[in-house]
Amino acid sequence: MSESHIPSAIAQSEADILAAANRHLMNTYRRPAIVFTHGRGCYIYDAQGRAYLDFLGGIAVNALGYAHPRIVRVMRREAGRATHFSNLFHNQFQGPLAAKLAQWSGMDRCFFTNSGSEAVEGALKLARAAARGSDGDAGGKTRILALENSFHGRTLGALSLTHTEKYRAPFQPLMPGVEFVRLNDVADLEAKLDDRVCALFIEPTQGEGGIHGVSADFWQRARALATQHGAALIADEIQCGLGRTGRYFAYQKFGGREMWPDIVTIAKPLAAGLPLGAILAREKFAAAFHPGLHGSTFGGGPLACATALEFLSIVDEEGMLENVRLRGEEIRAGLEKLARKFKFIRKVRGEGLMIGVELDIDGAPIVEEAFRQGVIINCTHERVLRLLPPFTVRSSQVKQFLRKLKKILESVSARANSSATQQPAEQPFTSIAHEHTARS
Ligand code: PMP
């Protein structure tokens, strides 16, 4: 029997791949006109064989970098056994993974999803179901609070909790009953959190919003008020959780059990690049779900859960949290040095390997110049450079990054200073040429 030949995208020319993307993908991202083929450690490689130092880590997903040997081994093993059974049956890995996540987070129970947004949607439903109670009467306890500057996802429920107007406006009307509290404004929180609130969503460190931490005062008051009014305090740790700040969860800096949230959402790095998220909850809230109330076809399949168990073991066994803290300090110290040289750097923020560099100028030209020079970073909220390197990043790679960033900032400031006389640099990031909308 001849071996079946499955045409691989890599077998096509880069130009053909880009043409197909331009013609058939929806126009949702601005991307450089190159194709990435593989990665190793903290580097990714394009179809021309060029290496890029990745300090964005697939937006906080690739916490172990690329092709970590233990992850590759588990994925290969499980792919050859079963990728999916369905949630009508137990698999070997969901229970042990839920137990390990309960141990890390201090929560009791877990529901597996396929993305962060889906975890947020499920947490919304859990909080609403818990408020309704066993008698099925919510008694008007349906209001939801989130914070200004927040990001919780793109699906309609999660988008309703996301503050940024440009993400929301095109899709109005969103879910009713959501109100926003000013970040770290205790008085605003006290004014808005009452008995009709069923959930308060907080990113302990806001990611998309530009790496802003919630203050201890604000969190403590949120915890006390949520308890007083019987609302669920929900920590969205999709970006800041699972080791990113140098702790298992960012909320753990606020204290022990009495400071923990009621519900936690996670996703991004959980299954080392396979789509897997989860809702974690204390028993009191988790008890609101019973068979038939919530579900997911793919969530928590054996391949993804086995990989996630391996991810959590690697974080524990290979000293990842310490590396996150130490490398984070090195990066911040280097950035502070650069801030003294480049006056357009206003502030360096963040914890562990979740770092924001606030600028007085637009960040896009810096991201584009970095890309030209083989470094991947990104920019959020127009003026905050965001760094989310893998937990495995080495000291030598931090040094390499800081050296390169200095050169990148020099090029951008030199160009800005002589912009009147020079041609603008070619823009590597473009949106898809959208023939259909252009014509209509
Ligand atoms: N919450 C937070 C805090 C996030 O950072 C993100 C993704 N950036 C989401 C939710 C949505 O996750 P996903 O893109 O996996 O749906």
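Two strands count as paired if DSSP finds at least two bridges between them. In this predicted model, S17 and strand S18 (residues 384-387) meet that condition, pairing in the antiparallel sense over 3 bridges, and the bridge partner of asparagine 378 is arginine 386 in S18.

These two strands belong to an open sheet of 4 strands, arranged in the order S14-S15-S18-S17 with antiparallel pairing. Because strand S14 (345-351) and strand S17 (378-380) stand at the edges with a single partner strand each, one side of each is left without a neighbour in the sheet. Neighbouring strands of this sheet are turned by 30 degrees against each other on average, direction ignored. Helix H12 (residues 320-341) lies across S14, strand S15 (354-359) and S18, and runs at about 175 degrees to S14.

A further open sheet is built from 7 strands in the order S5-S13-S12-S11-S8-S6-S7, and its pairing is mixed. Here strand S5 (109-113) and strand S7 (178-181) take the edge positions, each with a single partner strand, so one side of each lacks a neighbour in the sheet. Strand S6 (residues 143-147) runs parallel to S7 and is joined to S7 by 4 bridges, with alanine 146 standing opposite phenylalanine 180 in S7. Helix H5 (residues 116-132) packs on the sheet, where the strands touched include S5, strand S8 (197-202) and strand S13 (277-281), and the direction of H5 makes about 25 degrees with that of S13.

| Helix | Strand | Angle |
|---|---|---|
| H5 (residues 116-132) | S13 (277-281) | about 25 degrees |
| H12 (residues 320-341) | S14 | about 175 degrees |

Terms used:
Residues numbered from 1 in each chain as written. Predicted model: local features only at pLDDT ≥ 70, side-chain atom pairs only at ≥ 80, totals over all residues. Contact = placed C-beta atoms within 7 Å. Axes fitted to C-alpha atoms, helices over the stretch in contact; angles between N-to-C directions.
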